[in-house]
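Thanks for coming, everyone. I'd like to talk about rings, charges and cores today. Please have a look at the structure first.

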Amino acid sequence: MRGFLIKSMYFVYVLKSLSTGIHYTGQTDNLERRQQEHNAGSLGKFTKGKGPWQIVYQEQYETREEAVRREKYLKTGKGREYLKNNIPEY
């Protein structure tokens with residue numbers, strides 16, 4: 001029997017804090033787990049204590065490099081402008 005290569009997908013996501021209205025942009029290979037981690041306060045200083053967090057936008061990529069590149073872009077002025085113009089919840 002031949003083995004199958006399971007290909008991971010990578011996500012760029014935008015969260016919105018339901019308590020403060022602020023947004024957070026990140027990337028991961030497991031979107032559900034990452035949202036749970038943000039809501040549990042087990043990740044960085046920026047999101048800790050500001051939840052609950054809701055996913056308001058996501059994009060999918062085949063490589064981590066693509067996801068990281070897109071995440072960096074979305075954190076620029078032009079990237080934030082793109083999100084503002086394309087996400088009603090932003």
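**Rings, charges and cores**

Let me start with a charge over a ring. The charged end of R70 sits over the ring of Y82, 5.0 Å from the ring centre. Keep in mind that this is a predicted model.

There is another such case. Here the lysine K50 places its charged end over the ring of F46, at 4.8 Å from the centre.

F46 brings us to the aromatics. Together with Y13 and Y24, F46 makes up one aromatic cluster. How many aromatic pairs are there by the rule used here? The count is 2. One of them is Y13 with Y24, and that pair is tilted. The centres are 6.3 Å apart, and the planes make an angle of 45 degrees. A word on those two values: a pair of aromatic rings is described by the distance of the centres and the angle of the planes.

Where do the two tyrosines sit? Y13 is in strand β1, residues 10–17, and Y24 is in strand β2, residues 23–28, so their pair ties together parts that are 11 residues apart in sequence. Buried or exposed? Y13 has 1% relative accessibility and counts as buried. Y24, at 22%, counts as partly exposed.

Now the strands themselves. β1 and β2 pair in the antiparallel sense, over 6 bridges. Opposite Y24 in β2 stands L15. The hairpin of β1 and β2 has 5 residues between the strands, and in this hairpin G21 takes a positive phi near 85 degrees. As for burial, 5 of the 6 residues of β2 are buried, so β2 is largely enclosed by the rest of the structure.

On to the cores. In soluble globular proteins, nonpolar side chains tend to be buried together. Which residues form the largest nonpolar core here? It has 10 residues: Y10, V12, V14, V56, Y57, Y61, A67, L74, L83 and I87. The elements that give two or more residues to this core are β1, β3 (53–61) and α2 (64–74). There is also a second, separate core of 5 residues, and among them are F11, L15, L31 and W53.

Last, take Y61 from the largest core. Setting aside neighbours within four places in sequence, Y61 is in contact with M9, Y10, V12, E66, A67 and R70. That returns us to R70, whose charged end sits over the ring of Y82.

Methods
Residues are numbered from 1 along each chain as its sequence is written. This is a predicted model: local features need pLDDT of at least 70, side-chain atom pairs count only at pLDDT 80 or more; totals for chains, interfaces and linings use all residues. Side-chain values use heavy atoms; hydrogens and water are left out. Rings of Phe, Tyr and Trp (its six-membered ring) pair if their centres lie within 6.5 Å; planes under 30 degrees apart count as stacked, over 60 as edge-to-face and the rest as tilted. Helices (H or I, at least four residues) and strands (E, at least two) are DSSP runs, numbered from the N terminus. Buried means under 20% relative accessible area, exposed over 50%, partly exposed in between (1.4 Å probe, protein chains only). A charge sits over a ring if NZ of Lys or CZ of Arg is within 6 Å of the ring centre and within 35 degrees of the ring normal. A nonpolar core is a set of buried Ala, Val, Leu, Ile, Met, Phe, Trp, Tyr and Cys residues joined through side-chain atoms within 4.5 Å. Contact means heavy atoms within 4.5 Å. Two strands pair if DSSP finds at least two bridges between them.
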